[in-house]
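This briefing goes through a structure by topic, beginning with a ligand site and ending with backbone geometry. Please keep the sequence and the model in view while reading.

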Amino acid sequence: MAAQTTQRPELLRIEGISKRFVKPVDLAGRIANMMGASNREAVVHAVDGVDLSVAEGEVVALVGESGCGKSTLGRVIAGIHEPTEGRVFWRGQDIARMDSAARQAFTLGAQMIFQDPMSSLNPRIRAGEIVGEAPRVHGLVDAAGQAEYVSTLFRQVGLDPDYRRRFPHQFSGGQRARIGIARALAVKPKLLVCDESVAALDVSIQAQVLNLFMDLREALGLAYVFISHDLGVVRHISDRTFIMYLGRVIESGRTDEIFREPAHPYTRALLDNVPRLDARKRSFSTVKGEIPSPLHPPPGCHFHPRCPMAGPRCAVEVPRRTTLAEGRIVACHLADGGVAAAA
Amino acid sequence: MAEPVLAVDNLATHFFTRDGVVKSVDGVSFTVAPGEVLGLVGESGSGKSVTGFSIMGLIDPPGRIVSGSIRLKGEELVGRTEAEMRAVRGRSLAMIFQDPMMTLNPVLRIDTQMMEAVHAHEKVSEKAARDRAVQALAQVGIPSPEERLSAYPHQFSGGMRQRVAIAIALIHRPALIIADEPTTALDVTIQSQILAEVQKLCAESGTALVWITHDLAVVAGLADRVAVMYAGRIVEQGLVDDVLDRPLHPYTHGLIGSVPGEAMPGKRLMQIPGSTPSLGRLPPGCAFEPRCSRAVETCRAGAPPLAQGSQGRAYRCINPVPAEEAA
Ligand SMILES: Nc1ncnc2c1ncn2[C@@H]1O[C@H](COP(=O)(O)OP(=O)(O)OP(=O)(O)O)[C@@H](O)[C@H]1O
Ligand SMILES: Nc1ncnc2c1ncn2[C@@H]1O[C@H](COP(=O)(O)OP(=O)(O)O)[C@@H](O)[C@H]1O
Ligand code: SF4
Ligand code: SF4
Ligand SMILES: [Mg+2]
Ligand SMILES: [Mg+2]
């Protein structure tokens, strides 16, 4: 599967993407400042220098633990956030230099499906209008054709077209997820950015929705950026995987290769820790420590306080990206001359 | 086998709502031996939490235990007064919740809360209570516990808060802990740390554990036995290896096939059609019948009887999955 993907034309590419958020000083901090403290606004480096590309029809997964920047990166890819640094190319064109027609093609071409289907659906609007509004506004369908267009989309995601007149609260979690998918599909996208789109669903319903994603990929040639903290889901659905830790991509490559032979100590830790049906009555191996606050990431390699392999160099020097094999990149000093001496 | 710590027999807990009777738990039976870990799995709304709350004596109106028996170390809990239950809760029986803030009070310091927990069941000095708190925090892997004691819950991460809740549950070395999805909201490395601690502590103290979760893979890694709930009933139970390697109930079989990461990557997952039924309007026969690929005419006639095998294996299905399909 992945061997073919490298030959497919590139759909989206990002280069050197960083996204920083400024957190203003909170009330307690401001009061403390009046007493002579010096709290400053804090800068969160949510995404830090990420390169990534997605080919047509390819499924690229972003994985990592809470707060590592997956959603922020997904929003940059979907054109919802402006990056602080770096460039985004859609079909080879820099989106910052596009004319309005090309920009429109990108805006509709990359659609995001959000983490929580309930909060992203307006409770007072009927399902048919939720799905049909955007294609009408963008002139993909006229008012007369909307009902038929929406019915087709409903059938495509496995919903009864009669449900068009229902409100979001009248659907189950799995059905709401399908409405969210139908709404995204309505503007004929090429790329879906799915942010934890199956995380809130029961396993049996999650399986239905994952199957639907795979069917749509087949039928419409869709590409996906699939954001998940669930390594089982990622392994099942993606061609390539990008593993993030505190804003940085620490390893990337073909999913099957990463799962077979993880190169980065953090990737190894994640894979060791994931519960599996075939690992019975096991002793849970653990990575020590907590995930550090993104407000104060550790210097050097962000993972060094938790890394069993860390050496002196790791605390002072940011690991470079090393290419292990074609398309396989790891950011760890072990892959780049060892961990012992500080350079 | 040793006398069970917990024996639940034919428990039924119903909610009498304005829209009708919700039979959240309807004829549930299982036992847990000393030091044993039972995984109670099922999808949302299947009745796992209500089972846990029933054991704890925490069912409030319009809910009520309508029948059945819950014996803790041989003693009947059903029918006890709230005051009697309070003497049991926290001492021989404790619960950990998905949200640790169900246990913790946001406006009290950790030390206050932990010493209160000690004093609830034991008359000891302030100093002794404090030492116990420090010891309990250290046990669950909280670094420099003396310093952390004076913190408030909000100063802790989600994983740390859950550890504190576990420390409080363990303070009186209860015979049984009921853990209701305590790691579901946590990241995988933090979940793993907590599973490792719980495993160690239960092995050391002989505490029995009922681990409620929707995650079959966690059960595989942690539990000795598993009970699978669907629509208020346990549809299958037995040793983890037996049930996961050779499921008999079509629902268990479907659940296992739905877990991504086990099937061939990129292949369709074995999905169960439809969605979980509303407990107010269950079909007359087998509750799984509308979604079941193995359903036959008689499945609709009445609730399938409990079939029992060796080593606590039991299931409710009249047309179980044949061995050659189960693998
Ligand atoms: N609008 C914002 N303002 C300030 N900080 C933000 C904002 N959005 C995200 N962040 C911060 O950026 C970091 C990355 O957040 P992000 O939502 O991308 O994480 P995530 O990987 O999606 O996490 P999760 O798995 O919990 O969804 C976090 O520290 C978060 O608090
Ligand atoms: N206080 C209540 N009033 C009415 N119905 C309730 C109440 N608590 C739980 N239920 C119902 O009981 C069923 C089982 O709930 P629960 O045990 O919480 O499921 P889960 O398996 O997800 O833990 C659900 O249908 C739920 O809606
Ligand atoms: S660079 Fe050092 S600390 Fe970072 S992952 Fe590699 S060995 Fe561990
Ligand atoms: S009793 Fe019938 S409907 Fe119920 S699970 Fe068994 S085969 Fe399916
Ligand atoms: Mg997110
Ligand atoms: Mg529950």
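**Ligand 2 in chain B**

Helix H1(B) is the element that gives the most to the shell around ligand 2, contributing three residues; helices here are DSSP runs of H or I with at least four residues, strands are E runs of at least two, and both are numbered from the N terminus. The model is a predicted one, in which local features need pLDDT of at least 70 and side-chain atom pairs count only at pLDDT 80 or more, while totals for chains, interfaces and linings use all residues. Residues are numbered from 1 along each chain as its sequence is written, chains are lettered from A and ligands numbered from 1 in the order in which they are written, and side-chain values use heavy atoms, with hydrogens and water left out.

- The shell around ligand 2 includes Phe15(B), Thr17(B), Glu43(B), Lys48(B) and Leu279(B), a residue being near a molecule if one of its heavy atoms lies within 4 Å of it.
- Strand E1 (6-17) and helix H1 (48-56) of chain B each supply at least two residues of this shell.
- By class the shell holds three nonpolar, seven polar and two charged residues, where Ala, Val, Leu, Ile, Met, Phe, Trp, Tyr, Cys and Pro count as nonpolar, Asp, Glu, Lys and Arg as charged, and the others, Gly among them, as polar.
- Oxygen atoms of ligand 2 lie 2.7 Å from a polar backbone atom of Gly45(B), 2.8 Å from one of Lys48(B) and 3.2 Å from one of Ser46(B), a polar contact being a pair of N or O atoms within 3.5 Å.
- Taken alone, ligand 2 exposes 560 Å², of which the protein buries 64%; accessible areas come from the Shrake-Rupley method with a 1.4 Å probe.

**Ligand 1 in chain A**

- Ligand 1 is surrounded by 13 residues, and the closest are Ser66(A), Gly67(A), Lys70(A), Ser71(A) and Thr72(A).
- Two or more residues of the shell come from each of strand E1 (10-23), strand E2 (42-55) and helix H3 (70-77) of chain A, with H3(A) giving the largest share, three residues.
- The shell divides into five nonpolar, six polar and two charged residues.

**Ligand 3 in chain A**

- Among the 13 residues around ligand 3, those that come nearest are Cys301(A), Cys307(A), Cys314(A), Cys332(A) and His333(A).
- The shell around ligand 3 has 10 nonpolar and three polar residues, and no charged residues.

**Interface between the chains**

- Contact, meaning heavy atoms within 4.5 Å, joins 39 residues of chain A to 48 residues of chain B.
- About 3700 Å² is buried between chain A and chain B, with carbon and sulfur atoms giving 54% of that area; buried area is the accessible area (1.4 Å probe) that two parts lose on being put together, summed over both.
- Leu277(A), Arg280(A) and Phe284(A) supply 20% of the area that chain A buries against chain B, more than any other three residues.

**Domains of chain B**

- Chain B is assigned domain 1 (6-92 + 172-326) and domain 2 (106-171), the bounds coming from an automatic or database domain assignment.
- The C-alpha centres of these two domains of chain B are 30 Å apart, and their contact takes 18 residues from domain 1 and 16 residues from domain 2.
- Between the two domains of chain B about 1300 Å² is buried, 60% of which is given by carbon and sulfur atoms.
- His172(B), Ile194(B) and Leu201(B) supply 44% of the area that domain 1 of chain B buries against domain 2, more than any other three residues.

**Backbone geometry**

- Most residues other than glycine have a negative phi, and most peptide bonds are trans.
- The peptide bond from Pro61(B) to Pro62(B) is cis, with omega near 10°, and Pro62(B) is found in the loop between H1 and strand E4 (63-72) of chain B.
- Arg91(A), a residue other than glycine, has a positive phi, near 50°, and its place is in the loop between strand E4 (85-90) and strand E5 (93-94) of chain A.

Notes:
Polar contact = N/O pair within 3.5 Å; in protein donor to acceptor, adjacent residues only side chain to side chain.
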